[in-house]
Amino acid sequence: MGSETTVPRHRVGYWFSEKKSKKFNLEEFHGICDQAGLDLIKINLTLPIEDQGPFSAIIHKMTDVIAQADLGDPESLTIVQSFERFICANPKIKIIDPFDNLRQLLDRYQTYSKINNSDLHKAGEVFVPPFVDLVSNDVEENIRKLREAGVRYPFVCKPAVAHGSKMAHQMSIIFHEGAVKDCEPPCVAQTFIPHDAILFKIFVIGKKYFVVERPSLKNFSAAEIPTIFFDSHDVSKPDSVSLLSVLDDDEKCNVHPTINGELLDRVMSMLRIALEMNLFGVDIVVEKNTGHYAIIDINAFPGYEGVPDFFTHVTEVLKAIVESSPVSSSSSITTTTSSRGVGEEDSGIDTGDSSDEKRHQGNNQSARVKRSSALFNSTNNIQI
């Protein structure tokens, strides 16, 4: 008689806010994980995590909770401290992505500094536009800091905190020295790079990345004009229709900014090594006239809107991670029982929408993807 073999299944905990859970197709995620031998378990952050395991890995979108905890919110602080104690007590559990790695992307100044100090310069014609942190309300001091950092007019003034609040996306364009008073510290001032109103969002999932084109700010130059205040979500969402994205007649041309695949491969590889993360997004614009790539923002676990088969790619990453190193027998089981359903109890704390997640991918995703690639791999798959 033949013997029936069983494949070890791994328990993977997950936490997304309730609002974000509704935007994701979690039923699809459960199904794909189940087929891959992963039992997906929804974590309730208001209950002891150790009572909900065991887990081989945990995937989460807790950037907003961490940001709120760092700002002193009592409920968020309690949850983050509880989670971190659990992880310290269970170091074999793989976290996607670790809190310490996420924290480097919560503050824009720290993010830009991290990338500026990496091996990015070795990739070629790629740069982080000049930037400086403004923490004082003293206008003269801020003007001095701008000059010393080489920040030119116009510059974009961005909140220092990149997650945790809708205010993270409230920005302004400062056109001349007399308007520096319009900056609202703490903030980061970064030289504006003309880029013909086209933004390339690069979504990283493990060793793969996907390039999605979005509308962006039109070309601006230094001038004695009033400060422009805007919400970046109103400008760079897939369906955004903003006058700030309409090029002036003398700027319109038939030359469309493009992304060089080989160069982008090198950039993404270096960023992944520098950040040590599996899920993040990079905003890149192509500088008008030079064609150089300017990295203007990096986000932890972005919305991935426009990326086809998102959960399939995430499941591949999870499966590779849980199978890459030994885990305790208590966190893997030999069973054919399917993963728990999506109609589970509330997972605890909720957060506001503060990242590129207002709407998640629909059936027309593939049409938006301009390019996809496997990092550290010579195989490039172009999708139009």
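This is a predicted model: local features need pLDDT of at least 70, side-chain atom pairs count only at pLDDT 80 or more; totals for chains, interfaces and linings use all residues.
Two packed helices are described by the angle between their axes and the distance between the axes, so let me give both. For α3, which covers residues 63–70, and α4, which covers residues 74–89, the axes come within 8 Å and cross at roughly 115°. That angle makes α3 roughly perpendicular to α4, because the class in question runs from 65 to 115 degrees. If you look at the side of α3, the residues that meet α4 are Val 65, Ile 66, Gln 68 and Ala 69, and their counterparts in α4 are Ser 76, Leu 77, Ile 79 and Val 80. In terms of residue classes, this contact comprises six nonpolar residues and two polar ones, with no charged residue among them.

The second pair is α2, residues 26–35, with α10, residues 310–323, where the axes come within 9 Å and the crossing is at roughly 40°. Here α2 is oblique to α10, and the crossing is right-handed. From α2 the contact draws on Glu 28, Phe 29, Ile 32 and Cys 33, while α10 supplies Phe 311, Thr 312, Val 314, Thr 315 and Leu 318. The division for this contact of α2 with α10 is six nonpolar, two polar and one charged.

Where does Asn 260 lie? Asn 260 sits in the loop between α8, residues 232–236, and α9, residues 261–275. With a relative accessible area of 41%, Asn 260 is partly exposed, since that class lies between 20% and 50%. A polar atom of the Asn 260 side chain is 2.8 Å from the backbone nitrogen of Leu 263, and the backbone nitrogen of Glu 262 is 3.1 Å from a polar atom of that side chain. Further along the sequence, Gly 291 is 31 residues from Asn 260, and the two are 10.0 Å apart in space, C-alpha to C-alpha.

Leaving aside residues up to four places away in sequence, Ser 232 touches His 169 and Met 171.

How values were computed. Residues are numbered from 1 along each chain as its sequence is written. Side-chain values use heavy atoms; hydrogens and water are left out. Axes are lines fitted to C-alpha atoms, for helices over the stretch in contact, and angles run from 0 to 180 degrees between N-to-C directions. Helices (H or I, at least four residues) and strands (E, at least two) are DSSP runs, numbered from the N terminus. Angles under 35 degrees count as roughly parallel, over 145 as roughly antiparallel, 65 to 115 as roughly perpendicular and the rest as oblique. Contact means heavy atoms within 4.5 Å. Ala, Val, Leu, Ile, Met, Phe, Trp, Tyr, Cys and Pro count as nonpolar, Asp, Glu, Lys and Arg as charged, and the others, Gly among them, as polar. Buried means under 20% relative accessible area, exposed over 50%, partly exposed in between (1.4 Å probe, protein chains only). A polar contact is a pair of N or O atoms within 3.5 Å; within protein, one must be able to donate a hydrogen and the other to accept it, and residues adjacent in sequence count only if both atoms are side-chain atoms. A crossing is left-handed if the near helix is turned anticlockwise from the far one by less than a right angle, and right-handed if clockwise.
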